[in-house]
Amino acid sequence: MPATLFEKVWDLHTVRTLPNGQTQLFIGLHLIHEVTTPQAFDMLRARGLGVRYPDRTFATVDHIVPTRDQRRPFGDLMAEDMLSALERNTKAAGVPLFDLHSGAQGIVHVIGPELGLTQPGMTIACGDSHTSTHGAFGAVAFGIGTSQVRDVLASQCLAMDPSKVRRINVSGRLTPGVYAKDVILEIIRRLGVNGGVGYAYEYAGDAVDRMTMDERMTICNMSIEGGARVGYVNPDQTTVDYLRGKKYAPQGEEFDKAAAWWLSLASDPDAHYDDVVDIDASVIRPCVTWGINPGQSVFVDERLPAPADVVSGERASIAEALEFMGFDEGQPIKGTRIDVAFVGSCTNARLSDLREAAKIVRGHHVAPNVQALVVPGSQAVRAAAEREGLDRVFTEAGFEWRGAGCSMCLAMNQDKLEGRQVCASSSNRNFKGRQGSPTGRTLLMSPAMVAAAAVAGEIVDVREFTQHGD
Amino acid sequence: MAIERITRITGRGLPLRGNDIDTDRIIPARFLKSISFEGLETHLFEDDIAQAREQKAGHPLVEPAYERATILVVNRNFGCGSSREHAPQAIRRRGVRAVVGESFSEIFFGNSVALGMPCVTGAAADVARLQSTIEQAPDVEITIDLEAGQLQCGPSTGSGPSRAQSRDGDWRMAITLPAAARESFLDGSWDATGLLLDRFEEVEATKQRLPYVTGWR
């Protein structure tokens, strides 16, 4: 029977069918962090249970990490409490923790792949909705809540229903200045923020085939913003090449056997899909969100919609978003003044993202009254960027060069918007209050677009951005 | 864990209008900075409530008429965004025992199952009618019958003026719940830990057939 990758991986990890009809699914890799686990460990203790497979569990600290002063104890005592709890819990359970001294700490969805923990064919769970990122490798990866973290710690299993699979064919060449971030924002705009509920998204087509692993991760990362809990790309030679030599990847002869197995997991050509959607990559232009969910975006040369333009069911949402953002219907997005520029997050803080942003800022300076910061996705990304001198490119241009963590994507550390500030952000969510100020405003875009906005002090089209000094 | 079967939930409603209400709005991230879930309910929708106050508008979460409500009534794609269980925890700790809506995000739905808080869906028109009915008569009694797949609205329970204001008497609407979730509420297996540990030799056998565990032998 021809099958999709999703079906192959699901079947391989099925322990049994539970009395209620759900699948008892084995979780091959459980990633944990400080925010969604302390209560899970408490629940385990209350029930007299332990961590069943500490060897299939890995921890890091990312959400609450200060990006400037990382001396312990942290100035923020609640953050200190959370990291201390993680240290105690992982030590007691024998779970490896990539802490601030490890050189391998970072956003959980950045370090899993760069350490080679994330591999094709695995089921991967983490108490974080952006776990879909790992699907870029052909894993079935999804976010879970704290009670489910408890279940995985206790049993390495979850009670789950399988998803339907929607294939999204992205074909044609991206034009210069258009990135993976623009592709996924366009997919979400087209299919809606709830269009993926009940589905796993399989991203395919020649445009995806040509993408690097970093780009595929950006796409899979935001699957959940389109409602899809799982997003994946079939493993190919790009996947295999990325994993070769990674610390936790198989080595030597074992690697070749692993690679052959990984490639065999790709969806069969005649596999059945519950839905198929075609996207033309060549017509996508740089995207910018203008509203309060990631589906509310326009191309940078477009104008904001008016409530009257859309079907009646959507009018209230558009009106609410325009009011919150303080924008007028029909206004161009270009020229929107910004106060803060943030290059970071599990969506766009890998080395290639920093390189693209650096290309734009080189020889320029951040506009007056704009605070600009770069928060690398991991300590390894930060170190690699410094070896290339990217830190100097950013600091000479007036950017702040910070330590690795989630930072201003969700503002659980000191990095927060203030008041009504507008932030050009390479992160994944523009929800009300997301970046730490209840009334703060977020415009999502690619790292290159963030860099250009930082320099111009307003939203500009990165394709028209002239590089002085060239 | 004692097994608790959930078949019927009766109580007053709390209408909360709006599509795509994300978990950051339900419980802003700054309140996740704690190693326990205790007290989360005091911050439920805190920023939305503050902004409503600034605009001299009300918010159903602080409306005295809904203080004793136990059934939250929402619209489309409720609970989207972050997987934080803090969101359904805060709602549950506020006293809500079930949520009725047009649709839910998958992760929010699953987290709510694990807390024994059913999220049932109904047709958009029925949900809107339910919200209007409650707004007119906050003391109207609502009964969710998971077994029958039905929600009964009315009659209103109080003797105050709101009874007279209810222009929409007794009525019923169909509600749905995925079969597995429905089953787990009815048989009390919504807390899955015990079930997952039940036949552990099968878990170990599954693990031992995974190529990445055995070293691709």
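Which residue of β12(A) does Asn169(A) stand opposite? Asp278(A) in β12(A). Hold on to that pair; we will come back to the sheet.

A word on the model. This is a predicted model: local features need pLDDT of at least 70, side-chain atom pairs count only at pLDDT 80 or more, and totals for chains, interfaces and linings use all residues. Residues are numbered from 1 along each chain as its sequence is written, and chains are lettered from A and ligands numbered from 1 in the order in which they are written.

So, the sheet. It is open, it has four strands, and the order is β11-β10-β9-β12 in chain A, with parallel pairing. Strands here are DSSP E runs of at least two residues, helices are H or I runs of at least four, and both are numbered from the N terminus. Two strands pair if DSSP finds at least two bridges between them. Which strands stand at the edges? β11 (230-232) and β12 (275-280) of chain A. Each has a single partner strand, so one side of each is left without a neighbour in the sheet. Neighbouring strands are turned by 20 degrees against each other on average, direction ignored. Strand β9 (residues 164-171) of chain A pairs with β12(A) in the parallel sense, over six bridges.

Next, helix pairs. Two packed helices are described by the angle between their axes and the distance between the axes. Axes are lines fitted to C-alpha atoms, for helices over the stretch in contact, and angles run from 0 to 180 degrees between N-to-C directions.

Take helix α12 (residues 351-361) and helix α15 (residues 447-456), both of chain A. They pack at about 30 degrees, axes 8 Å apart. Therefore α12(A) and α15(A) are roughly parallel to each other; the cut-off for that is under 35 degrees, while over 145 is roughly antiparallel, 65 to 115 roughly perpendicular and the rest oblique. Their crossing is right-handed. Who meets whom? In α12(A), the residues include Ala357(A) and Ile360(A); in α15(A), they include Val450(A) and Ala454(A). Contact means that C-beta atoms, placed from the backbone, lie within 7 Å. By class, this contact has ten nonpolar, no polar and two charged residues. Nonpolar covers Ala, Val, Leu, Ile, Met, Phe, Trp, Tyr, Cys and Pro; charged covers Asp, Glu, Lys and Arg; the others, Gly among them, are polar.

The angle is about 25 degrees, and the axes lie 8 Å apart. So α6(A) and α8(A) are roughly parallel too. The crossing is right-handed. Ala180(A), Lys181(A), Val183(A) and Ile184(A) meet Glu215(A), Thr218(A) and Ile219(A).

Now domains. Chain A has domain 1 (5-161 + 236-264) and domain 2 (287-464), with bounds from an automatic or database domain assignment. Their C-alpha centres lie 28 Å apart. Across the boundary, 20 residues of domain 1 are in contact with 21 residues of domain 2. On the domain 1 side, the largest share, four residues, comes from helix α4 (residues 108-115) of chain A.

Last, the two chains. How many residues of chain B are in contact with chain A? 54, against 64 residues of chain A. On the chain B side, α4(B) gives the most, with five residues. That side divides into 22 nonpolar, 17 polar and 15 charged residues.

How values were computed
Contact = placed C-beta atoms within 7 Å. Left-handed = near helix turned anticlockwise from the far one by under 90°.
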